[in-house]
Amino acid sequence: MGGAAAALAMVFKLVESAQQRWRAVKALHLVALVRAGTRFERGHLVERSESHAA
């Protein structure tokens, strides 16, 4: 069995491999909205209605 160093090496290689398929965030101004809990559906901002705002 492998030790902690072998597990860490495996995780590193998996992340390194996955990184090649990651996409860059092109709408950085929307990241703040997502972090604030704003809802999006299919890529479109969902406005809160007056009944949900209360």
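Colleague: Which residues make the nonpolar surface patch of about 310 Å²?
Modeller: This is a predicted model, where local features need pLDDT of at least 70, side-chain atom pairs count only at pLDDT 80 or more, and totals for chains, interfaces and linings use all residues. Residues are numbered from 1 along each chain as its sequence is written, and side-chain values use heavy atoms, with hydrogens and water left out. Patch residues have over 30% relative accessible area and no salt bridge; like charges are joined within 9 Å, nonpolar side chains (Val, Leu, Ile, Met, Phe, Trp, Tyr) within 5 Å. The patch is made by Val 11, Val 15 and Trp 22.

Colleague: Is Trp 22 buried or exposed?
Modeller: Trp 22 sits in the loop between helix H1 (4-19) and helix H2 (28-35). Buried means under 20% relative accessible area, exposed over 50%, partly exposed in between (1.4 Å probe, protein chains only). Trp 22 has 56%, so it counts as exposed.

Colleague: Which side chain meets Lys 13 in a salt bridge?
Modeller: A salt bridge puts a side-chain nitrogen of Lys or Arg within 4 Å of a carboxyl oxygen of Asp or Glu. Here the N to O distance is 3.1 Å. Both residues lie in helix H1 (a DSSP run of H or I, at least four residues), three residues apart, about one turn of the helix. The partner is Glu 16.

Colleague: How many salt bridges are there by this rule?
Modeller: Lys 13 and Glu 16 form one. Arg 39 and Glu 41 also meet in a salt bridge, at 2.1 Å, N to O. The count comes to two.

Conventions: Accessible areas come from the Shrake-Rupley method with a 1.4 Å probe; for residues, only the protein chains shown count as cover. Helices (H or I, at least four residues) and strands (E, at least two) are DSSP runs, numbered from the N terminus.
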